[in-house]
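I opened this model to follow its sheet and helices from strand to strand. My notes are set down in the order in which I looked things up.

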Amino acid sequence: YIRLQGGWCEKFSGGGFNPPGIPDLLACLPGRGGWQVRPVGVLVAIEVKTGSAVLNANQERMKAKLEAAYAIWITAHDLEAVEACLVSEGLVQPCLV
C-alpha cells in the first residue's frame, strides 16, 4: 500500500539486532511541502497488532521518541486504519474500497 502511494517501506523483525520497541514497518511518504526549498519525506512507523493486542512498554517508549521527532506512529489492526491515519495527515488520497 505505501509503495503504491509513492513511498518507501521496509519490514523489521523483532530480535536482538533491532532496538527494543522498533515498529514492524518503517515507511517514508512524500511530504506536504511547506517552507522547505526541496521536497521532504515524512517518516511513518507502523506497528501491526492483531485482536486486542496493545503496545508493550518498549513500543510505547519508541512511539514517544519518534513522535517527539515529528514522525507519525500508527498502531494498526488493519489496512483501513493505516489509510485512515495517512488520509487524516494529508499524505495520501483515499483509495481503499
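Before reading any pairing I noted the rule that two strands pair if DSSP finds at least two bridges between them, and that helices (H or I, at least four residues) and strands (E, at least two) are DSSP runs, numbered from the N terminus. The model is predicted, with local features needing pLDDT of at least 70 and side-chain atom pairs counting only at pLDDT 80 or more, while totals for chains, interfaces and linings use all residues. Residues are numbered from 1 along each chain as its sequence is written, and side-chain values use heavy atoms, with hydrogens and water left out.

**The sheet.** I found 4 strands forming an open sheet in the order E1-E2-E3-E4, with mixed pairing. Strand E1 (8-11) and E4 are the edge strands, each pairing on one side only. I then looked up the pairs: E2 (residues 25-30) and E3 (residues 41-48) are antiparallel over 6 bridges, and Leu 26 has Ala 45 in E3 as its bridge partner. E3 and E4 (residues 72-76) run parallel and are joined by 5 bridges. In E4, Thr 75 stands opposite Glu 47. Val 44 stands opposite Ile 72 in E4.

**The helices on the sheet.** H1 packs on the sheet, touching E3 and E4, and its direction makes about 145 degrees with that of E4; contact here means heavy atoms within 4.5 Å, and angles run from 0 to 180 degrees between N-to-C directions, with axes fitted to C-alpha atoms, for helices over the stretch in contact. H2 also packs on the sheet, where it touches E2, E3 and E4, at about 155 degrees to the direction of E4.

**Helix H2.** Which residues of H2 are buried? I listed Val 82, Glu 83, Cys 85 and Leu 86, where buried means under 20% relative accessible area, exposed over 50% and partly exposed in between (1.4 Å probe, protein chains only). Seen down the axis of H2, its buried residues fall within an arc of 165 degrees, so they line one face of the helix; the arc is that of the directions from the helix axis to the C-beta atoms. Glu 83, in H2 (residues 79-88), has a relative accessible area of 8%.
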